[in-house]
Amino acid sequence: MTKSAKTIGSKVLRPRQQVEEQIKAAIFSGALRSGDRLPGEVELARQFAVSRTTIREALRSLSTQNLIVKTPGAGGGSFVRSADPSALRSAVGDSVHTLLALGSIAFEEVALVRQHLEVPSVRLAATHRTDEDLGELREILDLQKSISVDDESVPALDERFHGTIARASGNRVLASFVSALHIETEPVHYLDLSPEVGRTTVRQHQQIVRAIDDRDPDAAETAMVEHLTYLREHLLAYHNGHEDEGARTDRTD
């Protein structure tokens, strides 16, 4: 019986890849922690015995992977990116924003995914919410009831409302995704905020908060689905109307 040959080799990496993999390994192992400043290009080139061009290419690749951030100026340099949930939210938001801008994904796809994520989010919030979470939601409701629909703070308050529910779920990954998708779809920003729409939205928010207060996941889900369906119908009508308007403009140009 013929013995199989022993595997003694591994993929040979180019200098840039070797530098990149070693820095990445230092980050993942904890040798380099969030916020740590990497040595300068000259020092890294000396340590790795490669050119500064190779170092720059490796750092550029690590920056693209969101593992480091490069800051210009006298006190700048390359720093290990902060590894917290806000970094995940930013990464997801930036990616979705780019894909939407390029037309690679459709707005309604993002709005639908957001709806599917906010349902488990509000169910978890009804179970895990704290008194502090509930207090913040009530504060937001009071502000929403006290301002007019054309107040410039309306979109920010809506984002804060849904973000607070997501954080109250206790799942930071879920909260990051909900927040990122909410920012990109900006529901209230796109609505025709007539007084009637404003009153309906606030009333739906009250129903959601009541269910969270009662720790009733089923009621919270029902209220959230009603609210998001209402928003989605208005959002799609807005986008379809603007697409039709754009098409008419193209034909007349």
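Which residue of β2 does K70 stand opposite? Select the pair and you'll find S78. Before moving on: this is a predicted model, where local features need pLDDT of at least 70, side-chain atom pairs count only at pLDDT 80 or more, and totals for chains, interfaces and linings use all residues. Residues are numbered from 1 along each chain as its sequence is written, and side-chain values use heavy atoms, leaving out hydrogens and water.

Now widen the selection to β1 (68-71) and β2 (77-80), which pair in the antiparallel sense over four bridges; pairing takes at least two DSSP bridges. Helices (H or I, at least four residues) and strands (E, at least two) are DSSP runs, numbered from the N terminus. The two strands form a hairpin with five residues between them. In the turn, click G73: its phi is positive, about 100°.

Next, go to H205 in helix α10 (residues 195-213). H205 counts as buried because its relative accessible area is 0% (buried is under 20%, exposed over 50%, partly exposed in between, with a 1.4 Å probe and protein chains only). Leaving aside neighbours within four places in sequence, H205 contacts L141, Q144, D158, F161, H162 and H227, contact meaning heavy atoms within 4.5 Å.

Last stop: I147, in the loop between α6 (131-146) and α7 (154-168). I147 is partly exposed, at 25% relative accessible area. Draw a C-alpha distance from I147 to G198, 51 residues apart along the chain, and you get 10.0 Å.
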